Amino acid sequence: MCISNEEKGNYGEQMAQEMITNAVKNIDGDIRVYNNIILEFPSVFGNSPEGMFTTEIDHIIVTPYLVVLIETKNEEIAVGGYWEDSWILKNGEEVSNPINQNQMHKKVFCNTLGMDSNRVFTIELLLGQSVANCSSQYTNDYIMSDEDFERNLTLLLSTKYKKTMDVCLNEKMKQMEKQSEYKRNVHINNINKAKDISEWIRTHENTYIFSFLDTVKCPKCGSYMLFRETKYVDYSRNNTSRSKQYMIGCLNYAITGCDGRVYYSKKKGEGFQKVNRISFEERSGWSEQEKTTNNFLEDYWFVKRENEAIKNRLNDLADEIEGQESEIEEYKKKTHLLSQEKRSVEEEIIELKKELNKYKRLFGNIYTRR
């Protein structure tokens, strides 16, 4: 029976929720779990009157000391490096790198709630994948398989610090969870439109790739600009008929009549290339220079690595000792053979002496038997 990606995704999230529940049961204290939280943020891909785009976080766990954002993937991955922008599934489909995706979640989450990013951890749960539980290229980010997920999550959630989190955080999360129920259809529409725009940009010019977190400012009024669907003649592609295209237009067009707009162009430095693109980092002051925050999971993995290193060293030493013992045993055998040869030579010498005693010398080299 063939199931859709949506069904696989829903099943994977249910599995993740069950494992999260089991992990939380092992820990004392007030720990809350929130699922399928949709956050809004300004973006050139925005699809609302305010120019807001959306992203969905599968699971958010809040303890008195830290927050964990979990991105669950229930897909058979064929090709994908942790650092690559996209991964290839076994069915040939190309999907977003969940590690990069979760980092976007972290940026939006911290910016929306004014959170200290060093207290926010991210996990990419890859169900059914043979992956080593490890840190990724990002700070405080972990890639996990379902094999040891509950134990690893329990260790991370058990971490305590001297300073606790904002006491109002759970109230804010409850409001966001309730609001997310009404944003579901909007979010699906946003994702579908963004995929369509991204594919259109890719087929026109590979360098015209925008991040979902990017914003563009209107050169005329300073407001946000958004991708807008339109129809016009695309002479740059020798297309003389009016066809579906995308432009970047001012958000204030319907309000103030500002007609600031940018059309696609294949000329270098023209079209989308000349827009004033503002990254999330520039806009929010976000710094990638985060510090690895000490936690029980890191401590456990460190001890585990140390134990593994000691075990490997002991195995190496055992191999060395075994090799030396073999050499000693070989040396003993050679010594024994030499001793036997020595005794044999000594016995031959004794016999020769006895034989010589049977003769007496007459003169020169002339001997006669006694």
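Modeller: Start at one helix end: N295 caps the N-terminal end of helix 8, with a side-chain oxygen 3.0 Å from the backbone nitrogen of L297. A polar contact is a pair of N or O atoms within 3.5 Å; within protein, one must be able to donate a hydrogen and the other to accept it, and residues adjacent in sequence count only if both atoms are side-chain atoms. Helices (H or I, at least four residues) and strands (E, at least two) are DSSP runs, numbered from the N terminus. This is a predicted model, where local features need pLDDT of at least 70, side-chain atom pairs count only at pLDDT 80 or more, and totals for chains, interfaces and linings use all residues. Residues are numbered from 1 along each chain as its sequence is written, and side-chain values use heavy atoms, with hydrogens and water left out.

Colleague: Which residues in helix 8 are buried, and what covers them?

Modeller: L297, E298 and W301 are buried, that is, under 20% relative accessible area, while exposed means over 50% and partly exposed in between (1.4 Å probe, protein chains only). The cover includes strand 8 (134-135), strand 9 (141-145) and helix 3 (149-157), where contact means heavy atoms within 4.5 Å.

Colleague: What makes R184 and E56 a salt bridge?

Modeller: A salt bridge is a side-chain nitrogen of Lys or Arg within 4 Å of a carboxyl oxygen of Asp or Glu. The closest N and O atoms of R184 and E56 are 2.7 Å apart, so the pair qualifies. R184 is in helix 5 and E56 in strand 2 (residues 52-62), 128 residues apart.

Colleague: Why is R184 called partly exposed?

Modeller: Its relative accessibility is 27%, so R184 counts as partly exposed. R151, at 38%, is partly exposed too, and R151 forms a salt bridge with D148, their closest N and O atoms being 3.5 Å apart.

Colleague: What are the buried residues of helix 5, and why are they said to line one face?

Modeller: Among them are H187, N190, K193 and W200. Seen down the axis of helix 5, the buried residues fall within an arc of 160°, so they line one face; the arc is that of the directions from the helix axis to the C-beta atoms. On the other side, N185 and K195 are exposed.
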